[in-house]
Amino acid sequence: MTNDEKINILQNLIQIESVNDHEEQVANYISSLFEPYADKVQIQKVPFAADRTNLVVTMGNANGKHLGFSGHMDVVDPGNVNEWKHGPFSGDVDLDQNKLFGRGASDMKSGLAAAVIIMLELLESGTAIEGQIKLLATVGEETGEYGAHVLTQAGCADDLDGLIITEPHMDGIITSCKGVIDYQVTSIGAPAHSSRPDMGINAIDNLVQFYLAAKQLMDSHNEVNPKLGKMTHSIDIINGGKQVNSVPDYAMLKGNIRSIPEYSNDQIFKDLQKIVDDLNASDSKMNLKIEFIYPEVPIINGENLLTKLAQEVSDKYFDQILPVESYSGANDGSEFVQAKKQFPIILVGPGNNSSHGYDEYVDIPQYLNSIDYLKEVAEQFVGVSELTKASF
């Protein structure tokens, strides 16, 4: 495949406006690329909702090692389009800067395109791989990793021996990630005139009691993971009340936790639920409820073949052996790690810190280089037949 063809595939992906929706259109486009090889691949579409379909493409031999590539098909909202010098869904190429622009150029349609192209090139060349390569293209990563959840529950990752998530990070190989817990607490009160607050139940007052107790609990936990550091907790949204002369009958807060194995998600659920239960039991005027929204577990990889191989191969494509790193952000790996079979998960792919910003871009040389790098990692992991190697 020529470089122009590789760039064109990425442009076509960016031009599909899959802003937190419409991933089925991306899945259909990717599926069309594999149509010439219909006798050599298995294509499975796993629906999530209307116009939101996960895609699984499998190639190779069921015997041998199985390697997965994963990328999400959704992108975040472009914001004020007037702030973009290049249209957010244009896929514009600036040859002077060697950059390709558009929403998802970095996060993460370039990584998704890289995985697709690797498989297409192997099919086009007729390379005989000893194992199997599987693409897991997901919906809804940006808003809760629920596409990866659907694929994991469907068993699509149960046969893997390793998974590369091509998230935008090429300065190192991410092998460990904090877990994520988003939670919402609601407080129901009773309205009254502010001149007679005793006639009502102030939902904000009650919610503040949870706020203080949760802060005290989380601040008391100083456990440290050697790779991930400390757990973090932040209450980021508070809403309540409608006008200043009425006792508020409703209040709500949302918090975010980045968890570590030393203070597990399950224990956090129990501890926060206990605060709610104890407050409700302490006062008949308390009416608090807590909900946990798409919680994700931490990812911790020890030494493993995939990470070692990705490091060894990197020296050929970069000016260094890529270091092993950890990450505090959420990604689909926190769902795939819950498959029935344990396997190493690494994050490495084209992109940069322009993700989610105006004029998001990917460096074209980096994008093209990532394809060659990840292709060699894949070939060495699953194995290439000796006959094919001799023909190179």
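Student: Does Leu212 count as buried or exposed?
Tutor: Buried means under 20% relative accessible area, exposed over 50%, and partly exposed in between (1.4 Å probe, protein chains only). The relative accessibility of Leu212 is 54%, so Leu212 counts as exposed.

Student: What kind of model is this, and what pLDDT do side-chain atom pairs need?
Tutor: Residues are numbered from 1 along each chain as its sequence is written, and side-chain values use heavy atoms, with hydrogens and water left out. The model is predicted: local features need pLDDT of at least 70, totals for chains, interfaces and linings use all residues, and side-chain atom pairs count only at pLDDT 80 or more.

Student: Which helix holds Leu212?
Tutor: Helices (H or I, at least four residues) and strands (E, at least two) are DSSP runs, numbered from the N terminus. The run that covers residues 203-219 contains Leu212, and this is helix H5.

Student: About how much accessible area do Ile204, Val208 and Leu212 have together?
Tutor: The three form a nonpolar patch on the surface. Patches are made of residues with over 30% relative accessible area and no salt bridge, like charges being joined within 9 Å and nonpolar side chains (Val, Leu, Ile, Met, Phe, Trp, Tyr) within 5 Å. Areas come from the Shrake-Rupley method with a 1.4 Å probe, and for residues only the protein chains shown count as cover. Together the accessible area of Ile204, Val208 and Leu212 is about 240 Å².

Student: What is the relative accessible area of Asn206, and which residues does Asn206 contact beyond four places in sequence?
Tutor: Asn206 is found in helix H5. With a relative accessible area of 7%, Asn206 is buried. Contact means heavy atoms within 4.5 Å, and leaving aside neighbours within four places in sequence, the partners of Asn206 are Ser187, Ile201, Lys285, Met286 and Leu288.

Student: Which backbone nitrogen does the side chain of Asn280 reach?
Tutor: Asn280 lies in helix H6 (residues 265-282), and at 25% relative accessibility Asn280 counts as partly exposed. Leaving aside neighbours within four places in sequence, Asn280 is in contact with Met286, Asn287 and Leu288. At 2.9 Å, the side chain of Asn280 reaches the backbone nitrogen of Leu288.

Student: How many Å separate the C-alpha atoms of Asn280 and Asp107?
Tutor: Along the chain, Asn280 and Asp107 are 173 residues apart. Their C-alpha atoms are separated by 43 Å.

Student: What span does helix H1 reach from its first C-alpha to its last?
Tutor: Helix H1 (residues 3-14) has 12 residues.

Student: What N to O distance does the salt bridge between Lys341 and Asp161 have?
Tutor: Lys341 counts as partly exposed at 31% relative accessibility, and Asp161 is partly exposed at 26%. Their side chains meet in a salt bridge with an N to O distance of 2.7 Å.

Student: About how many helical turns separate Lys274 and Asp278?
Tutor: These two form a salt bridge, with the closest N and O atoms 2.7 Å apart. Lys274 and Asp278 are 4 residues apart in helix H6, so their separation is about one helical turn.

Student: What percentage of the residues of the protein chain count as buried?
Tutor: The chain has 10 helices and 18 strands, and its C-alpha trace spans about 85 × 45 × 40 Å along the principal axes. Of its 392 residues, the share that counts as buried is 53%.

Technical notes
A salt bridge is a side-chain nitrogen of Lys or Arg within 4 Å of a carboxyl oxygen of Asp or Glu. A polar contact is a pair of N or O atoms within 3.5 Å; within protein, one must be able to donate a hydrogen and the other to accept it, and residues adjacent in sequence count only if both atoms are side-chain atoms. The expected span of a helix is 1.5 Å times one less than its number of residues.
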